[in-house]
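Hi,

Here is the structure I promised to pass on.

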Amino acid sequence: MNEDLLDIICCPLDKSELELDVRDRDDGEIVSGTLTCTECGEAYPIEDGIPNLLPPDMREETTA
Amino acid sequence: MSTGDVALFDRFARYYDLFMPGAKATALSRGLEHAGRPVERLVDVGGGTGRAARALGVERRFVLDASRGMLAQTTLPSVQGDAGRLPLATDAVDAITIVDALHHIYEWDTVFEEAYRVLAPGGVLVISDFDPTTVPGRVLAFGERLVGFDSAFVSPAQLRQQLEDVGFETHLIEGGFGYTVAAVVPKREGT
């Protein structure tokens, strides 16, 4: 994930801003980490460079 | 929940670019031209492997899809998300495309309201899908049911009506079996 995307992504539930916590970075790209909603506190994982911003109720059935 | 058929796409992702006809880049580009603002940032919703977004000459483009398997195949920046509850800020993008994907998505009114919110004033939503009132459209709708998709198709006229009910100004870009509609967010006073 490019940090550029941070300007436009938000929490899918309340549309509030997200706080980025980077675990792993490669050549400027964020490979893994967590995005946490500054309003409701919901945490969204970044895995293999892709942020998973599905609402929590959709997460399980779509995780292959 | 607005996105159906996700598990099936996770299974088919690897073969998707081989199976599907090439994206109608020309019709999509003509749709984008209806925007009342420069198109610099574009999101391809339900964009899967990103084949439509790749065909468009927009500088900052990314793919949003509920299927992890589809996104894993794309070289474009991507976000896993739901079309009905977009994880995108208000007025965040200049254009949204939904190419051959709307018929896999549930609760269109919610999806269109979300698109309207996320598009900046003058921004454009371009939708390409298949008309079930044409003969090949009927065959396609039947075929998708055979392989297990829970697909929903409407005619361009019905689609435009639904978009206009949400507040968009619509234009038919191309009719026929595979049709393209552009829906523009009217500019607000003083913008």
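First the cysteines: counting a disulfide as a pair of cysteine sulfur atoms within 2.5 Å, there are zero disulfides over all chains. The sulfur of Cys37(A) has its closest cysteine sulfur in Cys40(A), 3.6 Å away, so the two are too far apart for a bond. Cys37(A) is buried, at 4% relative accessible area, while Cys40(A) is partly exposed at 40% (buried is under 20%, exposed over 50%, partly exposed in between; 1.4 Å probe, protein chains only).

Do keep in mind that this is a predicted model: local features need pLDDT of at least 70, side-chain atom pairs count only at pLDDT 80 or more, and totals for chains, interfaces and linings use all residues. Residues are numbered from 1 along each chain as its sequence is written, chains are lettered from A and ligands numbered from 1 in the order written, and side-chain values use heavy atoms, with hydrogens and water left out.

Now the interface. Taking contact as heavy atoms within 4.5 Å, 26 residues of chain B touch 21 residues of chain A. About 2,000 Å² is buried between the two chains, 60% of it from carbon and sulfur atoms (accessible area, 1.4 Å probe, lost on putting the two parts together, summed over both). On the chain B side, Arg68(B), Gln80(B) and Arg85(B) lose the most area to chain A, together 30% of what that side buries.

There are also four salt bridges between chain B and chain A (a side-chain nitrogen of Lys or Arg within 4 Å of a carboxyl oxygen of Asp or Glu). Glu114(B) makes one with Lys15(A), with the closest N and O atoms 2.7 Å apart.

Cheers
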